[in-house]
Amino acid sequence: MWLRLAPALTLALLLGPIGLGFAWTVLPAFGHMPSIGAVGPTLDPWRTLFVTSGFIDTLRVTVTAGLTATCLSLVLAAGFCAIAAGSRTFSRLSRLVAPLLATPHSAIALGFAFLVLPSGWIVRAISPELTGWTRPPVGLVTIGDTAGLSLVGGLLLKEVPYLVLMIIGASAQVPVAATLAVSRALGHRGLSAWVKAVLPQIYPQIRLPLYAVLAFSLSVVDVAIILGPSQPPPLGVLATRWFSDYDLSRYPPAAAAAVLQLIVVIAAIGLWRVAEIPIAALGRSWAEGGSRGFASALLIRLAGIAALLAGGLGLAAILGMVVWSLALVWRFPDAWPSALGLATWQAQAGIVAPALANTIIIGAAATVLAILLVLACLENEVRRGRRPGGAALWLLFLPLLAPQIAFLFGVQVTLVRVGLDGTLFAVIWSHLVFVLPYVFLSLADPFRALDPRLPATAAALGADPIRVFVTIKLPLLLRPLLIAAAVGFAVSVGQYLATLFPGAGRISTLTTDAVTLASGADRRIIGVYAALQAALPLLAYVAALGAPAFLYRHRRALRP
Amino acid sequence: MRLLALAVTTLALLASPSHAAETRSFEDIAAKARGQTVDWNAWAGDPQTNAFITWVGAEVERRYGVKVNHVKLTDTAEAVTRVVAERAAGRNEGGGVDLIWINGPNFLAMKSQGLLYGPVTQALPNFRFVDTERRPSSIVDFTVPVEGYAVPWRVAQIVYVYDSARTDPKTLPRSIPAMLEWAKANPGRLTHPNGRNFLGATFLKQALYELAPDPSMLQKPATDGAFGLATAQLWTWYNVLRPYLWREGRSFPETGPAQRQLLADGEIDFAVSFDPAEAAVSINSGLLPDTARVMTLEKGTIGNTSFVAIPYNAADREGAMVVANFLLEPATQARAQDPKQMGSFTVLDLDKLSPDERRLFDHPPEAKGLPTNAELGNSLPEPHPSWMTRITEEWERLMNR
């Protein structure tokens with residue numbers, strides 16, 4: 001009976017904060033915020049926003065960086081997958097996406113910043129031998145450039161592996177080998193055959209994740225604080241900055257900026273959707289034209305190599321942070337620290353402990369809640385024999401598509417009113433909103449793919465549905481359950497705004513502390529935080545992969 | 001500023017919280033404080049200060065049963081926002097901010113809006129050790145009388161940090177006009193923190209001090225007329241300087257520590273700091289080489305005092321007072337001054353201490369990079385906070401042009 005309420009409860013938990021939060025962002029955006037004595041409606045907040053000096057640059061860098069990052073991510077990921085479809089080496093390399101996916105955006109961004117700085121690891125590695133530089137070159141701007149290129153670079157390191165994983169996942173639903181065989185029989189080469197024949201089948205399935213990437217790239221705040229231009233900043237950073245200003249009159253224009261952020265995201269997704277049509281037509285005529293595509297094969301190869309480069313930079317970024325955490329002295333232009341040791345870890349152990357504990361508690365609680373809700377929804381779906389329609393899926397994806405800034409401030413206003421701001425409860429709930437969609441996505445397919453004969457047999461033997469669920473389904477689902485948990489946990493560890501606003505700044509996690517420290521603290525200490533940020537989700541993944549192998553060591557058929 | 005004025009008027013319309021001086025004895029306060037957790041909102045960009053706050057937490061828990069939760073800020077304004085937001089939401093009791101590390105415009109904003117609890121200093125036994133005569137900044141913050149609403153805990157004075165192994169101190173500029181000539185000769189090797197950051201605004205403020213036609217006008221609030229008159233020279237100087245700055249003055253390190261990282265990496269040659277022990281502390285923590293030193297300007301540099309203050313609605317105000325009193329204890333202050341710990345110069349008058357307590361403050365002989373009082377030179381008074389606010393606004397306008 002209670003099970004029937006599960007989908008409604010899940011959606012309420014998800015959409016409640018978004019709806020309320022969004023309302024309390026839109027109202028101040030039109031000058032209505034009674035608590036500060038503002039009673040709208042008025043367009044003044046928008047006027048303030050539009051006349052802010054540098055506003056045009058803010059908008060420009062937001063849109064160009066977001067679109068560029070998404071386009072490049074898609075091209076690079078597709079190029080990689082095209083090569084991987086015919087190359088064992090490449091498909092083996094795709095396993096390396098796990099650490100990149102697990103590591104929070106902010107940690108990768110911190111590491112990326114150190115790689116490409118004029119005094120960074122890359123310059124250090126070739127100086128002074130190749131460059132003759134004993135000091136960092138003057139005038140080389142590699143981080144925080146006004147065009148947002150470093151922001152795009154930092155986003156690529158995370159988005160390319162994510163899309164690679166999504167494409168590989170979607171490939172399982174498509175007869176890739178058969179399609180490629182037919183294409184080859186028609187004389188097409190492997191690489192362009194994949195792009196011409198396989199990608200069009202895969203694209204509809206990765207559309208939602210791709211839109212999520214687009215929305216994220218347009219509205220990201222933590223990565224933009226670390227890598228983006230600061231003067232004028234991207235829209236999300238501008239809104240966050242104003243929201244945390246002690247000057248109350250900045251709230252309404254901040255809310256207007258947040259609403260504009262949402263409009264930008266919606267417009268970009270709409271534009272993307274429309275652009276798909278002519279691009280699909282062009283692609284079709286290209287595929288039907290029957291060219292054997294030597295030039296295109298070269299381009300695909302370049303994209304694939306660029307994807308490898310992005311992956312390599314991502315791993316180097318993580319490694320760079322780990323090395324910094326162990327460095328005692330590391331001066332320019334040394335390629336490696338002149339002294340290594342555990343001193344920073346020892347000195348930071350006590351300081352990092354509360355944030356570490358919060359990260360684990362919040363991540364574990366949000367993940368467990370998400371898994372319980374998702375299992376209840378899926379079990380209900382099976383018992384009632386009805387699958388959610390496309391609309392429900394879009395609702396589920398809403399937290400990933402709506403820019404966080406557009407509703408998290410409103411969430412904070414609501415929380416202050418009910419006296420729940422700055423509590424663990426509030427932060428766990430807000431993390432749940434972002435964890436649950438990922439848990440659902442990773443658990444839904446394995447759950448639906450369960451062989452129905454097993455529960456049917458158990459039921460025929462007299463087991464009630466609860467017993468069937470606990471003794472048959474859960475053990476069979478252990479592996480996907482643990483992987484879903486690891487994914488959910490990783491998502492939670494990486495949350496920045498979703499911790500900052502509901503936590504009212506009083507609850508700090510590894511990620512909020514790391515972003516705070518990014519404004520210039522000791523790189524060795526940033527290294528400790530980034531290394532922990534990367535290590536926590538990675539440990540969760542290792543446990544998720546290792547536990548079934550251990551628990552089922554006597555059951556060969558259940559072993560992976 | 002007009003925006004701030006609007007916010008203040010808006011707030012004035014709301015119910016004004018009542019104020020009362022703290023009259024309880026410290027014993028009563030300490031008894032009430034037992035079991036409280038103090039949410040100390042403090043800028044968290046400096047790891048050594050963070051470690052010091054952690055140590056303070058452990059000590060007051062051991063001695064008074066009071067816990068400290070360091071709420072880490074990137075900007076003190078965040079804490080002010082929180083108190084303002086709580087007031088706006090009608091939460092006049094049980095507020096979530098118990099103690100704020102504060103001074104300057106943030107202190108002025110909170111004090112003038114009646115957002116602070118107090119006066120409290122008369123209730124703190126250790127306040128009697130504070131140097132209020134030779135260091136007037138411990139009772140007058142940026143020309144604003146503190147009147148017991150905030151407790152001093154560390155002093156600051158502008159210095160410039162450099163690496164003596166890389167840069168001969170004789171070649172470094174010792175006045176603001178000389179700094180411009182130096183930058184022309186060494187393009188790209190000088191910067192300052194972002195003008196929105198207090199240290200960035202401080203860099204400009206120090207320049208203003210030497211370039212203003214009459215520095216005494218800085219002691220009064222910055223009116224439109226006074227600001228234009230006093231800062232005309234400053235902006236001329238800055239506009240010539242800017243293309244010779246790091247990244248041609250198009251972007252800036254966000255904070256002091258970010259600027260120090262540039263110095264450590266060799267991107268720049270000297271870095272402004274508000275901490276006379278900056279070089280010593282950074283040598284100790286391995287952030288700067290042993291050859292790092294500090295210099296000041298011939299005519300002196302601006303100095304001020306950092307405070308802790310308690311919001312009017314703080315839930316754990318007794319615990320906050322216990323922490324504030326502990327910060328003024330001679331042994332605490334001596335630890336704070338040790339470059340191995342925090343290296344921040346004391347607010348106490350050493351003459352008011354016993355000989356044993358005074359000995360705690362002796363410089364360790366192996367401390368490298370620590371300036372003597374003579375080397376520090378004159379400490380100039382801070383301008384009225386409105387100057388800093390306006391400098392920041394004008395600088396932002398300049399950047400966005």
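These legends walk you through several views of a predicted model with chains A and B.

**View 1. Chain A as a whole.** Welcome to chain A, which is built with 24 helices and two strands. Its C-alpha atoms fill a box of roughly 70 × 60 × 55 Å along the principal axes. A compact globule of 560 residues would have a radius of gyration near 24 Å, so the 25 Å of chain A agrees with that expectation. Of the 560 residues in this chain, 51% count as buried. Looking at contacts in chain A between residues at least 6 apart in sequence, 79% join residues at least 24 apart.

View 2. Is Ala109(A) buried or exposed? Ala109(A) is buried, because 30 other C-beta atoms lie within 10 Å and the cut-off for a buried residue is 20 or more. Setting aside residues up to four places away in sequence, Ala109(A) touches Gly154(A), Val223(A), Ile226(A) and Leu227(A).

**View 3. Where chain A meets chain B.** In this view, 42 residues of chain A are in contact with 47 residues of chain B. Which parts of chain A each supply at least two residues of the side that touches chain B? They are strand S1 (327-329), helix H15 (343-384), helix H17 (405-417), helix H23 (510-518) and helix H24 (523-551). By class, the residues on this side of chain A divide into 16 nonpolar, 18 polar and eight charged. For the complex, the predictor gives an ipTM of 0.78 and a pTM of 0.82.

**View 4. The largest nonpolar core.** In soluble globular proteins, nonpolar side chains tend to be buried together. In this model, the largest nonpolar core has 296 residues. The residues with the most contacts inside this core are Ala77(A), Val374(A) and Val439(A), along with Val308(B), Ala309(B) and Val323(B). Domain 1 and domain 2 of chain B each give this core at least three residues. For a closer look, pick Ala309(B): leaving aside neighbours within four places in sequence, Ala309(B) is in contact with Ile100(B), Ile102(B), Phe107(B), Met110(B), Leu116(B), Tyr149(B) and Ala150(B).

**View 5. The two domains of chain B.** Chain B is divided into domain 1 (18-154 + 304-367) and domain 2 (159-303 + 380-400). How far apart are the centres of these two domains, taken over C-alpha atoms? They are separated by 27 Å. Across the boundary, 17 residues of domain 1 are in contact with 19 residues of domain 2. The side of domain 1 that touches domain 2 has seven nonpolar, eight polar and two charged residues.

**View 6. Helix H11 of chain B.** Helix H11 takes in residues 317-327 of chain B and is mostly covered, with eleven of its eleven residues buried. Among them are Arg317(B), Glu318(B), Val323(B), Asn325(B) and Phe326(B).

**View 7. Confidence along chain B.** The mean pLDDT of chain B is 89, and 94% of its residues reach 70 or more. Over residues 1-18 of chain B, pLDDT stays under 50, and for this stretch the model has 25 contacts beyond four places in sequence.

Terms used. Residues are numbered from 1 along each chain as its sequence is written. Chains are lettered from A and ligands numbered from 1 in the order in which they are written. This is a predicted model: local features need pLDDT of at least 70, side-chain atom pairs count only at pLDDT 80 or more; totals for chains, interfaces and linings use all residues. Two residues are in contact if their C-beta atoms, placed from the backbone, lie within 7 Å. Helices (H or I, at least four residues) and strands (E, at least two) are DSSP runs, numbered from the N terminus. Ala, Val, Leu, Ile, Met, Phe, Trp, Tyr, Cys and Pro count as nonpolar, Asp, Glu, Lys and Arg as charged, and the others, Gly among them, as polar. A nonpolar core is a set of buried Ala, Val, Leu, Ile, Met, Phe, Trp, Tyr and Cys residues joined through C-beta atoms within 7 Å. A residue is buried if 20 or more other C-beta atoms lie within 10 Å of its own, exposed if 12 or fewer, and partly exposed in between; C-beta atoms are placed from the backbone. Domain bounds come from an automatic or database domain assignment. pLDDT is the predictor's confidence in each residue, from 0 to 100. The radius of gyration is taken over C-alpha atoms; the globule rule is 2.2 Å times the number of residues to the power 0.38.
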